[in-house]
Amino acid sequence: MKKLSLRTRVLTGAVAVAALGAGTFGAMSANASTPAAAPAAAVKADAANDNLQQTTHLTVAAATKAARATLDAAEKENQRVSVAVVDRNGNTVVTLRGDVAGPQSYDAAQKKAFTAVSWNAPTSELAKRLANAPTLKDIPGTLFLAGGAPVQVSGAPIAGIGVAGAPSGDLDEKFAQAGVASLAR
């Protein structure tokens, strides 16, 4: 490596000091000339004034129970699948990839679960809607194939279970429904 001359080192140091000083001066003058912001008014957040909304979410234990029941139902029929459980917002809570399940099944299960909770309907029903609204399939993160089932409380979606890897979507959805049913026990 070539050693820099004394002149180059001094110039480089001077430029660095000037840049650092300008940044500090700029920050100081911005702070000195900007008046302090007024503190934000506290908002009273309670159910009585409609500032809050309560929602229901599955616990990790419940999501795991549903995923395990789903995988067990598939294994009883010698099917190798992956299962995903997502929360109301479509965030993955639990995923299980069954032994020897195909590599594509993991991602497909998550997308089916997301699709089911997003529309609060089994994905087999949603797939039928594509005939009238073919652009639905273009929404990122969705998969309109049978195998996803919503988890509902009082008719509202709180989670979705997606299954992929069986030879048919009907089987995938049957296993997802087994996971939903396990939550009622």
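A residue is called buried when its relative accessible area is under 20%, exposed when over 50%, and partly exposed in between, using a 1.4 Å probe and protein chains only. Helices (H or I, at least four residues) and strands (E, at least two) are DSSP runs numbered from the N terminus.

The model is predicted: local features need pLDDT of at least 70, side-chain atom pairs count only at pLDDT 80 or more, and totals for chains, interfaces and linings use all residues. Residues are numbered from 1 along each chain as its sequence is written, and side-chain values use heavy atoms, with hydrogens and water left out.

**Exercise 1. Describe the order of helices and strands in the chain and the share of residues that is buried.**

Step 1. The chain has five helices and four strands. Along the sequence they follow α-α-β-β-α-α-β-β-α.

Step 2. The chain has 185 residues, and 31% of them count as buried.

Step 3. Contact means heavy atoms within 4.5 Å. Among contacts between residues at least 6 apart in sequence, 62% join residues at least 24 apart.

**Exercise 2. Determine how far strand 1 is enclosed and which strands pair with it.**

Step 1. Six of the six residues of strand 1 are buried, so strand 1 is largely enclosed by the rest of the structure.

Step 2. Sort these residues by face: S82, A84 and V86 are on one side, and V83, V85 and D87 are on the other.

Step 3. Two strands pair if DSSP finds at least two bridges between them. Strand 1 runs antiparallel to strand 2 (residues 92-97), with five bridges joining them; V85 has V94 as its bridge partner there. With strand 4, strand 1 pairs in the antiparallel sense over six bridges, and D87 stands opposite A159.

Step 4. Inspect the turn. Four residues lie between strand 1 and strand 2 in their hairpin, where G90 takes a positive phi near 85°.

**Exercise 3. Identify the residues of the largest nonpolar core that touch the most other members, and the elements that supply the core.**

Step 1. A nonpolar core is a set of buried Ala, Val, Leu, Ile, Met, Phe, Trp, Tyr and Cys residues joined through side-chain atoms within 4.5 Å. In soluble globular proteins, nonpolar side chains tend to be buried together.

Step 2. The largest core holds 19 residues, of which V81, I161, V163 and F175 touch the most other members. Helix 2, strand 1, strand 3, strand 4 and helix 5 each supply at least two residues; helix 2 gives the most, with six.

Step 3. Take V81. Beyond its neighbours within four places in sequence, its contacts include L71, L96, V163 and F175.

Step 4. A separate second core has seven residues, among them A84, V86, A108 and A109.

**Exercise 4. Check the length of helix 5 and list its buried residues.**

Step 1. The expected span is 1.5 Å times one less than the number of residues. For the 14 residues of helix 5 (residues 169-182) this gives 20 Å, and the end C-alpha atoms are 20 Å apart, which agrees.

Step 2. The buried residues are D172, E173, F175, A176, G179 and S182. They pack against helix 2, helix 3, helix 4, strand 3 and strand 4.

**Exercise 5. Characterise the surroundings of T142.**

Step 1. T142 lies in the loop between helix 4 and strand 3. Its relative accessible area is 8%, so T142 is buried.

Step 2. A polar atom of the T142 side chain lies 2.6 Å from the backbone oxygen of I139.

Step 3. Not counting residues up to four places away in sequence, T142 touches K111, F114, T115, W119, L136 and K137.

Definitions and conventions:
Polar contact = N/O pair within 3.5 Å; in protein donor to acceptor, adjacent residues only side chain to side chain.
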